[in-house]
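Hello,

Here is the structure I said I would pass on. Please open it first, then read the notes below it.

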Amino acid sequence: MPHEHLQGTGPVKPPELLAPAGSPEALAAAVAAGADAVYLAGRRFGARHYAANFSDEELRSAVDYAHLRGVRVYVTVNTLVRDAELPDVARYLLWLYETGADAVLVQDAGVASLAREVVPDLPLHASTQMTVHNREGVARAAREGFSRVVLAREVTLAEIEDIAEAEGIGVEVFAHGALCYCYSGQCLLSSVIGGRSGNRGMCAQPCRKPYRFVIGDKDDYGRPTDLRAVPGEEHYLLSTRDLAVYPSLDRIARAPVASLKIEGRMRSPEYVATVVGIYRRALDAIAAGDPWSPSREDMRDLALAFNREFTEGYILGAPDIMARDRPGNRGVLLGTVTGYDPRRREAAVRLTGDLVPHPGDGLAFCTGDPDGDVGAVVRGTPAVKNGTVRLGVGAPVRVGARAFLTKSADLEERAKRVMAKPLPQIPIDLSVTWEDGTPCLEATVSMCGGEPLRVLYRADLAMEPARSRPLTRAQIAEHLGKTGGTPFTVREMDLRYPGGLFLPIGELNRIRRAFLEKVGEAVLAARRPGPDAVRAARERVEAAISRMKRPAGPGGAKRLPSVSVYTDTLDGVETAVRGGARTVYLEPCTPVVPGLLEDAAAVCREGGADLVWKWPSVTRRGFLDMAAPLLPSLYGAGVHGVMVSGMGALDAVRRSEPRMNIYGAAGLNVWNHRTTGAFSALFLRCTASPELPAADLSRLVESAGGAPELEVIVQGNIEAMVTEDRLVAAVFGEEPADRFLGLEDRRNRVFPLRHDSEGRTCIANAVETCLIDHLPGLAGMGVDAVAIDARGRGPRYAGEMARIYREGIDAVGRGDPGVLSALKDEVRRRALGGITGGHFVRGLPE
């Protein structure tokens with residue numbers, strides 16, 4: 001393989017190997033294969049809604065099962081949560097705490113705040129859905145009580161070295177499995193297309209669907225004219241390869257990483273057993289300091305388990321992240337079709353290597369068009385002659401088609417053998433003494449990461465002096481040392497037998513079983529909080545729920561909202577201010593020039609508006625190092641604030657210019673009043689999630705009590721994805737100047753594309769949000785501001801939409817909402833792709 005590796009550089013402490021457990025069977029497979037920890041979900045509040053997941057009883061049993069085998073359990077509570085769901089979340093967190101879960105993974109800042117209040121002893125892990133991607137974000141998580149952060153998949157190994165300087169917190173990275181096209185936690189595409197929110201665990205995976213690239217000119221409102229498709233052989237433009245860091249695992253193992261995560265809660269137990277087993281063996285070899293290099297056989301088995309082609313991912317700087325030709329499992333190349341016999345319905349396949357199909361294997365014959373692939377199952381034992389094998393295929397396949405092995409019966413059988421082997425056992429040191437003939441057993445159990453646990457057991461009977469044949473020391477040791485079928489193994493035994501005693505062997509075995517049962521109970525009890533801690537947590541939960549049930553405060557003052565506009569040009573700033581905008585969020589689409597921001601601030605100041613510099617949704621090290629030092633002079637030049645999408649960016653602003661006002665963008669995922677409460681001292685204004693229905697938004701505004709101010713995006717094509725993939729460059733080599741760029745799906749919907757100042761691709765919804773006819777309701781809620789997203793739409797759109805919404809708000813203030821219908825028609829005439837009320841109107845499925 002084309003990788004060089006460290007050779008015998010001495011033992012290292014390997015990172016934790018963290019396995020997916022989407023079902024009880026997958027949990028057993030992960031434990032059998034050697035996982036140090038597993039992550040799983042109950043039936044609610046987990047980001048893999050369509051996995052089998054665990055009922056409450058199954059989850060309790062799963063925690064006990066894992067703990068009795070020395071394996072940690074992390075439970076995902078990593079969806080965004082409505083206000084009405086917070087009482088159930090509080091009770092669920094308490095239940096997980098009582099059950100002995102080792103940690104919970106959360107995405108929602110409000111849920112994290114709630115957990116810290118009601119179960120402060122339950123460790124918190126920041127889910128990758130929190131989009132933590134810089135040192136400042138990790139340090140912020142540490143200060144807020146997280147013990148671990150699951151970093152964004154896009155973070156590189158060099159950045160991890162920098163991030164690891166944050167003390168008191170571990171970092172977890174993905175090692176194997178599916179990659180998301182968008183930064184996790186920032187993806188709304190499934191939600192805006194069909195209502196299945198990835199932030200609620202129901203992603204429909206639109207990134208695995210076919211699209212074609214379209215280009216055209218722009219009219220005065222940024223809409224496409226003369227739109228045409230760009231020819232190309234690749235149709236799955238958003239489909240990523242699967243991650244596999246295995247070829248360079250030694251580099252990762254020596255990095256400052258606490259945990260390596262295998263993705264796959266939707267995968268089979270056999271998949272889990274195969275992948276976890278391969279990574280376990282490799283990590284053990286690396287940990288021992290043995291010379292290690294990736295095994296060709298292991299890499300093949302990983303591919304046979306499932307792959308969309310492998311990449312070493314962003315973490316290792318791989319250039320080959322995308323697999324745009326097809327979205328599904330590739331399997332392993334078997335060979336090329338050299339002929340097809342229609343009478344026998346057989347294909348002749350010239351083998352390309354030493355891989356030979358076996359009975360029960362799954363095959364795919366690929367013609368170049370994924371819709372034209374032909375599948376087959378191997379029946380019988382195919383004969384190989386002169387490097388060619390004949391395989392039964394139910395449909396004709398053309399000469400030149402490639403044959404892939406997509407399912408290996410042999411691999412699945414080997415995985416089943418792994419799952420059937422004896423499970424890991426906890427070693428105990430056993431001391432046996434006798435008091436007046438009564439056996440007294442004491443176990444010392446080495447607890448993972450804790451003090452040794454001592455368990456005492458005094459038998460309920462005494463051994464009698466033997467009349468003829470006393471039990472020997474060897475007999476007693478043999479029977480007390482048997483632990484088969486239990487989670488324990490006796491490592492050392494100190495047997496202080498006085499001799500000359502007798503007890504029926506059946507009674508001796510009963511004593512052993514009762515003793516080991518007590519050891520098991522003690523081990524589980526040691527992993528759970530004590531009664532006093534549970535009682536105190538229950539009181540905190542009830543108090544928190546009681547506060548949630550109280551009548552809400554006055555909420556936001558019932559005043560007319562102001563108008564805000566997002567734009568990306570100085571001309572857009574000027575027209576937005578003339579149109580009536582009182583806040584302008586300027587996000588330049590090119591690297592920032594301080595003079596541009598200063599000029600924009602002057603325009604806003606003259607027009608009675610505030611200029612806010614909107615930072616990109618993702619702020620990696622290079623951007624922060626460039627942008628933060630500019631803030632003191634920009635503040636002096638009249639820039640009113642900075643808008644950020646992440647807590648790391650917030651702290652970078654605070655550190656550089658404490659006087660600067662900070663605005664929270666939609667990427668912060670504000671869903672409930674616990675989140676606004678956590679943000680109240682940090683942000684002047686926050687944007688409510690575009691996924692919130694009207695009823696949830698109303699409750700949020702009322703509960704927030706006016707701090708921070710709340711803004712709602714009411715107009716524009718909602719930003720649905722932000723990705724490191726340079727999609728335009730992949731098609732054109734460079735971005736065509738001032739052209740409309742988009743993706744068209746099979747229903748002829750066109751999703752506009754733009755780039756942020758760092759070159760990332762941003763994909764917007766194909767249909768514009770329009771809430772102008774809901775302005776009376778928004779004003780009645782007490783929303784502080786309504787925002788129009790005019791990025792990429794040109795100055796005329798920015799100015800006219802600001803004017804339309806300003807007129808609408810004035811009409812609401814006059815008590816004349818009848819004009820809103822005519823204004824909505826004006827919006828419709830300027831819209832791109834039509835208009836929708838979005839989730840504000842139609843809500844989200846439960």
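**What was found**

Pro 708 sits in the loop between α21 (694–704) and β32 (709–716). A cis peptide bond links Ala 707 to Pro 708, with omega at about -5°. Please keep in mind that this is a predicted model.

**Two pairs of helices**

Helix α9 (residues 269–287) packs with helix α10 (residues 296–305) at an angle of about 155°, and their axes are 9 Å apart. Angles over 145 degrees count as roughly antiparallel, so α9 is roughly antiparallel to α10. The crossing of α9 past α10 is left-handed. On the α9 side, the residues in contact are Tyr 271, Thr 274, Val 275, Ile 278, Tyr 279 and Arg 281. They meet Asp 298, Asp 301, Leu 302 and Ala 305 in α10. Sorted by type, the residues of this contact are six nonpolar, one polar and three charged.

Helix α4 (residues 109–118) and helix α14 (residues 531–549) also pack together, at an angle of about 135° and with axes 8 Å apart. These two helices are therefore oblique to each other. Leu 114, Glu 117 and Val 118 in α4 meet a set of α14 residues, among them Ala 537, Arg 540 and Val 541. The contact of α4 with α14 has six nonpolar residues, no polar ones and three charged ones.

**Buried residues**

In helix α5 (residues 135–143), the buried residues are Glu 136, Gly 137, Val 138, Arg 140 and Ala 141. What do the buried residues of α5 pack against? Their partners are β6 (146–150), α6 (157–163), β7 (170–178), α17 (621–627) and α19 (647–656). Just after α5, Gly 145 has a positive phi of about 95°.

Arg 82 lies in the loop between β3 (72–77) and α3 (86–99). Arg 82 counts as buried because its relative accessibility is 7%, and buried means under 20%. Its side chain makes a polar contact with the side chain of Asp 696, at 2.9 Å.

Gln 205, in the loop between α7 (189–194) and β8 (212–218), is not a glycine but has a positive phi, near 55°. With a relative accessibility of 40%, Gln 205 counts as partly exposed.

Asp 226 is part of strand β9 (residues 224–229). Phi of Asp 226 is also positive, near 50°, in a residue other than glycine. Is Asp 226 buried or exposed? Asp 226 is exposed, because its relative accessible area is 63%.

Regards

Technical notes:
Residues numbered from 1 in each chain as written. Predicted model: local features only at pLDDT ≥ 70, side-chain atom pairs only at ≥ 80, totals over all residues. Heavy atoms only, no water. Helix = DSSP H or I, 4+ residues; strand = E, 2+ residues; numbered from the N terminus. Buried < 20%, exposed > 50% of the residue type's maximum accessible area, 1.4 Å probe, protein only. Polar contact = N/O pair within 3.5 Å; in protein donor to acceptor, adjacent residues only side chain to side chain. Axes fitted to C-alpha atoms, helices over the stretch in contact; angles between N-to-C directions. Parallel < 35°, antiparallel > 145°, perpendicular 65-115°, else oblique. Left-handed = near helix turned anticlockwise from the far one by under 90°. Contact = heavy atoms within 4.5 Å. Nonpolar A, V, L, I, M, F, W, Y, C, P; charged D, E, K, R; others polar.
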